[in-house]
Amino acid sequence: MTERVSPGRTEPGGRRWYSIAAPTDQRDDDPRMTATPALAIELVGIHKRFGEVHANKGVDLAVRRGSIHGIVGENGAGKSTLMSILYGFYEADSGEIRVNGAARRVRSPGEAIAAGIGMVHQHFMLVEPLSVTDNVMLGAEGGPRLAHGARQVRAKLAALARDYGLTLDPDAVVGDLPVGLRQRVEIVKALVRGADVLVLDEPTAVLTPEEADGLFRLLRILADEGKTVILITHKLREIMAITDRVSVMRRGEMVATLDTAATSPAQLAELMVGRRVLLRVEKNEARPGAPALVVENLVVRDAQGTARVDGVSLQVRAGEIVGVAGIAGNGQSELLEAIAGMRPIAAGSIALDGAPLGAAERDPAQLRRLGLLHVPEDRLRTGLVPSFEACESAMLGFQDEQRYGAGALLDRGAIVAHTLAEMEAYDVRPRAPLLKTAKFSGGNQQKIVLAREIERGPKVLLVGQPTRGVDIGAIEFIHRRLIALRDAGVAILLVSVELEEITALSDRIVVMCGGRITGERLPDRTDERDLGLLMAGVSDRAA
Amino acid sequence: MDALSIAIAVFDSGVRLSVPLLFACLAGLWSERSGVVDIGLEGKMLVAAFAAAAAAHATHSAWIGVLAGVGASVAFALVHGFAAISQRGNQIVSGVAINMLAAGLTALVGNAWYSQGGRTPPLDGAARFQPVTLPGAEAARGVPVIGPLYADVLSSHTVLVYGALLATLLTAVALKRTRFGLRIRAVGENPAAVDTAGVSVAALRYAAVIIAGVLCGFGGAYLSLAQAAGFLPGMTAGKGFIALAALIFAKWRAWPALGACFLFGLLDAISIRLQGVSLPWVGLVPVQAIQALPYALTVVLLAGFIGRAIPPRASGLPYVKER
């Protein structure tokens, strides 16, 4: 397991002044805690329904001042809904919000800000063409004329840079900043508004491991200063590394709140899913055969002529999984799409089963006939049609096959029957071929796509982000399927931004940065730090 | 006439013709910077022109006419706002409806009231705006080149012309330097950011749509009370659409909007001037070809000469809080 911020350690700045020793918690005796209420946030009996869906069922949550409190749960467990209620985005149907021990109504983000609650959203709430200063002061300009507010914001930015190392160029245009700095702008926005409670929703989804470590150091400093941090995540590693306490949500209910030091990832995973979960994928040694997919010096350019894939060579052999790691946006998507025939290639060659593909063969339909199948990264944009019935989504791209009817007419009965069979085999819930695709959860949508592609008996399978937005139970299922497919002799090229997934599934790992391959590793001879350096473009030490 | 006096006459006429474009263009600017696409500029100007002429006819006061024009235009703007903001409807459909409603309603009501084929009775005296002479204009006339330029191109326009200049200045300053302007710019790019900052998206967009209504009101009133002497059916003649083209040309910025509108006004003035004139090599140009000149140039300019014009990212998209 990765290192944890241990209870006895003094943090940078030496500001630690409370103990988070877990089993015998003496914080209630701490005189400093009796002066102000020890609980910064209390949610009591929160209920929220969206039509049929009961998203929060009587949720209670108590968050101690100056602590980092994690909230974990599968997708759809109700974490984000709960935090949206705390931030005033939604109003709870019933229940009470207490801030510093006093009941408060929080019906809008404005009221949440007034109550000292700040939120860093998963999808940043920034205005890209505006400067850092403009973004930070938006909504808190301090008067009708901007010049005055801008001066104050600049002073505050300078103070935050000095106190916390949150350096930002106040005149930089937000759209030009890398994601790590954009997140910093969001944090600064909350702090400038005087937030005492900082809620972060999946903050590390877009960060490199190094950036994530930097964020965690910052959160610890903030907590030591007496601020309260609520961290929503589905990454158990982060929970173990940074939080003091952790609450687990499952299907709209709060199932447990534990001291982090007294729990384990296995216990948390079990609580999240409601049953035992294997965190590691069990697999046998790969028995790779002949190269099935060979890519040589591939160059892919975007509409502006920039090389998004810049001379990539790799090969995938039958019966092995090659994982492509990298921070989102470093050419992995373009690589996958170029191999799948969805993007033109500027230079280089692709060979399937030893036969080079000509321009005529590099067409998605033709490639499918040749046995190269593709589970695209963005299932809602390219994998499925959300407004179609599930059975229609389940035959996309294969609608010409005999089994769906002959000639110009489709055979509805056959389509529904075939979809139902796939749903059985892949445990898609509910088993409703006529339900709209959009009504299925992310995990079940992904299973529909996987079933469609895998059922065609691929020789080479391209898989992009197979478990993005998918809950733990479905992740387990999908991982087992991919391993079984590998064992059956399929060559699999896996692109994922989840390092855990890459290391768990891959037989070989290549890392991409800036459109180039920065290194290749075997999963049992590397670690997150090593991969993180390659992802950040630090060139291969082995070279 | 010598070349200078021809040029001055064309420039003078260009200024006059660009004013309604400028009002409409600024109206579109406010609306679209807030994220509400407005192709109903044409319709709003038309109802304003009619209401202004009718009120001025009844009261013999140009100022009451302007008030009535602004009121009618704001009422139409609120209909568009209700459809686009509160009901999250399609903004193009709503704008088209505004244009059709305005064209039909002004002709119908005009005919019912005045029985002059949709026209209002001709206006004169205090019911119209008269040119104002800027200080020193007459004295300056004697100075070569600069004198007539000042006296004829800058001076001797109606007060609404100077109002359009003032509106440009106010728009530029408000957008750039005020809290309201920052919020408008932000809400047109990313309404969710404004919402999470604790500011009402709907209130901002309604404010912008109302400002657009007021500006279209001035533009319409200028058509019937200053440029012409009364209302004619369809007298906006596509100016609302040319204003939209100018808005794209100006990339949704106030001072470039002034430049773009003046350019289009000038083209219009030149085309009027060229009618019946025999050009070297070309000979007598057909009137229709000359009248098409501003439109042809619009297409050419928009197609190739202004580079990438990126609209506010959220324009045209109703704001729906995601679940």
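Predicted model: local features only at pLDDT ≥ 70, side-chain atom pairs only at ≥ 80, totals over all residues.
**View 1. Thr208(A) and its surroundings in chain A.** Thr208(A) lies in the loop that connects β7 (197-201) with α7 (209-224) of chain A, and Thr208(A) counts as buried because it has 21 C-beta neighbours inside 10 Å. When its neighbours within four places in sequence are set aside, the residues in contact with Thr208(A) are Ile327(A), Gly532(A), Met535(A) and Ala536(A). Asp353(A), which is 145 residues from Thr208(A) in sequence, is 35 Å from Thr208(A) in space, C-alpha to C-alpha.

**View 2. The fold of chain A.** Chain A contains 18 helices and 20 strands, and its radius of gyration of 25 Å is close to the 24 Å given by the globule rule for 543 residues, so chain A is as compact as a globular protein of that length. Taken along the principal axes, the C-alpha atoms of chain A fill a box of roughly 75 × 50 × 50 Å. Of the 543 residues in chain A, 45% are buried, and among contacts in chain A with a separation of 6 or more, 67% are between residues 24 or more positions apart.

**View 3. The side of chain B that touches chain A.** In this view, 19 residues of chain B are in contact with 23 residues of chain A. Two or more residues each are given to this side of chain B by α8 (179-189) and α9 (191-196) of chain B, with the largest share, six residues, coming from α8(B). By residue class, the side of chain B that touches chain A comprises seven nonpolar, four polar and eight charged residues.

Conventions. Residues numbered from 1 in each chain as written. Chains lettered and ligands numbered in written order. Contact = placed C-beta atoms within 7 Å. Helix = DSSP H or I, 4+ residues; strand = E, 2+ residues; numbered from the N terminus. Nonpolar A, V, L, I, M, F, W, Y, C, P; charged D, E, K, R; others polar. Buried ≥ 20, exposed ≤ 12 C-beta atoms within 10 Å, placed from the backbone. Rg over C-alpha atoms; globule rule 2.2 N^0.38 Å.
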